[in-house]
Amino acid sequence: MKFMLMMHGTRKGWESMSSWTPAEFKAHIEFMIGFNAKLAAAGELVLAEGLDVPMNAKVIQAGKGGAPVVSDGPFPETKEFLAGFWIVDVPSLERAVAIAAAASAAPGPGGKPIPIPIELRAVGAAPPV
Amino acid sequence: MAAGGSPLLEELLREHAPRVLGALARRCGDFSAAEDALQEALLAAHLEWPASGAPANPGGWLFRVGCRRLSDAQESEAARKRRESRAGEERTEVTADAATGEDELMVHDDTLLLFFTCCHPSLTTPSASALTLRALGGLTTAEIARAFLVPEATMAQRISRAKQTILDSGQPFALPAESERARRLEPVLQALYLMFNEGHLGSSGPGLVRVELSTEAIRLARLLRAAQPDDAEVAGLLALMLLTDARRPARTGPDGELVPLHEQDRSRWDRAAIVEGIELVSRALSRGAVGTYQLQAAIAALHDEAPSIDETDWPQVLALYRLLERATGNPMVTLNRIVAEAMVDGPARALESLAELEQDARIAGHFRMTVVRAHLCELAGDRERAIVEYRKAASGTANLPERGYLIAKAARLEAEGGG
């Protein structure tokens with residue numbers, strides 16, 4: 001079963017990261033690298049990426065005359081945005097929840113969990129067995 | 001002969017791979033090391049055979065090369081140990097003795113043992129399936145990764161972890177006692193069934209059927225049956241696969257869209273597969289102790305032998321679903337039982353049962369339930385509600401062909417009402 005784990009960021013959270021100490025920031029990044037390595041070693045990681053800040057995002061929509069309309073977005077006033085994601089392939093929902101819980105506990109200031117909200121979505125929909 | 005991956009070469013290698021693996025593992029007592037050695041032998045064959053032609057005894061050739069790799073690996077491991085501890089250890093040397101090697105290939109058929117090893121109880125079902133495809137199916141890691149739609153590196157790690165788990169379990173490479181075997185067969189059947197289903201109905205993406213995986217699962221189930229011919233559940237599983245796969249040509253339309261059972265052109269079903277499946281399940285059922293795979297196969301058989309949906313033996317289908325429901329307690333089975341109930345006792349009675357099933361938290365809100373409700377409303381002549389339910393069901397699945405089917409269904413009902 002494949003699941004997508006979406007790490008949600010908030011504007012406030014993102015801005016407050018600039019006041020973390022370098023050591024706190026390093027610990028956070030090291031946690032993520034180690035976390036991904038563990039998932040890969042378990043044969044569970046399909047893909048993981050962190051995303052650029054939403055300020056640099058674009059929204060593209062097919063326009064009426066056939067020319068696409070490209071606009072800035074999701075908009076400077078956005079409070080929540082997708083910060084990064086994992087796609088994992090695991091035997092059960094329980095395992096996906098455990099992975100998401102571990103990701104959510106990534107260390108922030110003072111080495112304590114931030115904690116990051118992780119949205120969990122199944123990829124596709126198969127009947128339960 | 002064509003170079004590299006010619007189909008004939010592939011077939012030859014895959015035919016011999018399980019036997020050679022069994023003989024190698026028997027030799028060194030270590031499944032994981034034997035599997036590595038076999039992979040290297042297969043690679044060597046890929047490189048050498050296209051130019052030199054396949055050897056007269058392909059199994060013997062693979063075994064000798066595998067043995068050499070095993071002894072090389074042991075040698076370097078021993079050297080490492082000597083460097084580390086200087087303690088000379090007694091060990092059984094693996095030598096590439098051609099004559100005994102071929103004897104081993106002839107005498108033992110380790111197919112069953114390999115199935116038990118690959119589908120070790122401590123492995124998850126997806127891991128067991130992957131390892132079985134490699135060790136018994138002779139597929140490459142890249143092919144297995146493609147079939148399960150994960151990156152090759154992920155699959156490689158999964159397989160190597162699985163082998164490590166088997167190694168850590170410390171279980172010797174030997175057949176479990178006769179009394180243990182039925183229990184040990186369960187994860188084997190489960191892994192094959194997962195493989196078949198993954199191919200039969202992928203849970204996401206544009207393709208409804210990933211044919212190769214289903215075909216492979218059937219091939220492996222045949223292999224298992226040849227190794228364990230008296231087991232009724234093994235026969236039941238093979239029958240179930242054949243009877244389900246027989247409908248494959250009629251299951252999808254020209255654009256890959258889903259065609260449900262009652263709309264399928266039954267003349268396109270694979271008759272030979274149906275005959276074989278029915279014969280298998282009939283014989284298995286006559287043996288007594290009926291398992292869940294046999295029950296599912298028996299239901300599939302009733303559908304496959306009916307000339308049309310109305311001429312199906314629904315009372316019999318319903319009775320079998322009731323047995324299956326009792327045996328599994330799976331709410332999906334209950335849902336299927338309700339569909340059969342509609343055909344026997346009418347949609348009103350079935351809708352009552354559905355309302356009851358809605359109390360079950362394991363399935364409440366699942367889109368399959370909505371599909372069934374839509375279907376029952378349609379049967380009952382409640383067109384308006386059927387349209388609403390079909391639309392609701394469509395928004396509840398990410399399987400594209402299925403979604404397309406449900407949307408089309410709602411649109412058709414709407415057009416019928418307007419016209």
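Chain B contains 20 helices and 0 strands; helices (H or I, at least four residues) and strands (E, at least two) are DSSP runs, numbered from the N terminus. The model is predicted: local features need pLDDT of at least 70, side-chain atom pairs count only at pLDDT 80 or more, and totals for chains, interfaces and linings use all residues. Residues are numbered from 1 along each chain as its sequence is written, while chains are lettered from A and ligands numbered from 1 in the order in which they are written.

**Chain B as a whole**
- Of its 419 residues, 44% count as buried (20 or more other C-beta atoms within 10 Å of the residue's own, with C-beta atoms placed from the backbone).
- Among contacts (C-beta atoms, placed from the backbone, within 7 Å) between residues at least 6 apart in sequence, 63% join residues at least 24 apart.

**Helix H16(B)**
- Helix H16 of chain B covers residues 331-345, and its 15 residues reach 20 Å from the first C-alpha to the last, close to the 21 Å expected at 1.5 Å a residue (1.5 Å times one less than the number of residues).
- H16(B) is largely enclosed by the rest of the structure, because 11 of its 15 residues are buried.
- Among the buried residues of H16(B) are Val333(B), Leu335(B), Ile338(B) and Val339(B), as well as Asn336(B), Arg337(B) and Glu341(B).
- The cover over these buried residues includes helices H15 (314-328), H17 (347-357) and H18 (367-379) of chain B.
- After H16(B) comes Gly346(B), with a positive phi near 95°.

**Packing of H6(B) with H8(B)**
- The axes (lines fitted to C-alpha atoms, for helices over the stretch in contact, with angles from 0 to 180 degrees between N-to-C directions) of H6 (residues 125-135) and H8 (residues 152-169) of chain B come within 9 Å and cross at roughly 95°.
- H6(B) is therefore roughly perpendicular to H8(B) (65 to 115 degrees).
- H6(B) contributes Ser127(B), Ala130(B), Leu131(B) and Arg134(B) to the contact, and H8(B) contributes Met155(B), Arg158(B), Ile159(B) and Ala162(B).

**Packing of H5(B) with H6(B)**
- The axes of H5 (residues 111-118) of chain B and H6(B) come within 9 Å and cross at roughly 150°.
- H5(B) is therefore roughly antiparallel to H6(B) (over 145 degrees).
- Leu114(B), Phe115(B) and Cys118(B) of H5(B) make the contact with Ala128(B), Leu131(B), Thr132(B) and Ala135(B) of H6(B).

Key
Buried ≥ 20, exposed ≤ 12 C-beta atoms within 10 Å, placed from the backbone. Contact = placed C-beta atoms within 7 Å. Parallel < 35°, antiparallel > 145°, perpendicular 65-115°, else oblique.
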